[in-house]
Amino acid sequence: MAYADELLELAQDIANLHPQQPHQPSLRRAVSTAYYALFHLLISEATGNWGRPELRGALARVFDHGPMKQAADKKVSELNSYFKEKPPEGRERTVAYHLYNVADVFAQAQYHRTEADYNTGRQWELTGRSSAKNR
């Protein structure tokens, strides 16, 4: 998990390079780097208990952005249906709630990373909020 933590710290440092005036390249790079922090955290958690530690790095390289996003979107959809049924309080609902949050945040982070990397018409602000102003 140390790599993900370092990436998140780097994202924060990059975002704060120009605190007095938004600097679009820095803010865009910060959004992208923060996404990669989450991406690598999820992979680290998924591979951390793999029975053969020497193969964890190889297993980690199998994970791909597109299929992870599709899996996250699918899980969000499934859990939306689950929550509409108003499940009773308890461990299962609590776990479902946390899983929903992880999947939803991952999907949103990937969307924002794509926006930061490719949508040059979008303006980013230091607070993390952005506007869709076109240049």
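Modeller: Asp and Glu count as negative here. Patches are made of residues with over 30% relative accessible area and no salt bridge, with like charges joined within 9 Å. The model is predicted.

Biologist: Which residues gather in a patch of negative charge on the surface?

Modeller: Take D5 as one member of the patch. D5 lies in helix α1, residues 2-15. Its relative accessible area is 43%, so D5 is partly exposed. The residues that gather in the negative patch are D5, E6, E9 and D13.

Biologist: Is R113 buried or exposed?

Modeller: R113 sits in helix α5, residues 91-118. Beyond its neighbours within four places in sequence, R113 contacts V31, S32, Y35, Y36 and Y118. Buried means under 20% relative accessible area. At 11%, R113 therefore counts as buried.

Biologist: Where is W50, and how does its relative accessibility class it, buried, partly exposed or exposed?

Modeller: W50 is placed in the loop between α2 (24-47) and α3 (56-60). Leaving aside neighbours within four places in sequence, W50 touches L55, R56 and L59. W50 has 41% relative accessibility, so the class is partly exposed.

Terms used:
Residues are numbered from 1 along each chain as its sequence is written. This is a predicted model: local features need pLDDT of at least 70, side-chain atom pairs count only at pLDDT 80 or more; totals for chains, interfaces and linings use all residues. Side-chain values use heavy atoms; hydrogens and water are left out. Helices (H or I, at least four residues) and strands (E, at least two) are DSSP runs, numbered from the N terminus. Buried means under 20% relative accessible area, exposed over 50%, partly exposed in between (1.4 Å probe, protein chains only). Contact means heavy atoms within 4.5 Å. Patches are made of residues with over 30% relative accessible area and no salt bridge: like charges are joined within 9 Å, nonpolar side chains (Val, Leu, Ile, Met, Phe, Trp, Tyr) within 5 Å. Accessible areas come from the Shrake-Rupley method with a 1.4 Å probe; for residues, only the protein chains shown count as cover. A salt bridge is a side-chain nitrogen of Lys or Arg within 4 Å of a carboxyl oxygen of Asp or Glu. The place of a charge is taken as NZ of Lys, CZ of Arg, CG of Asp or CD of Glu.
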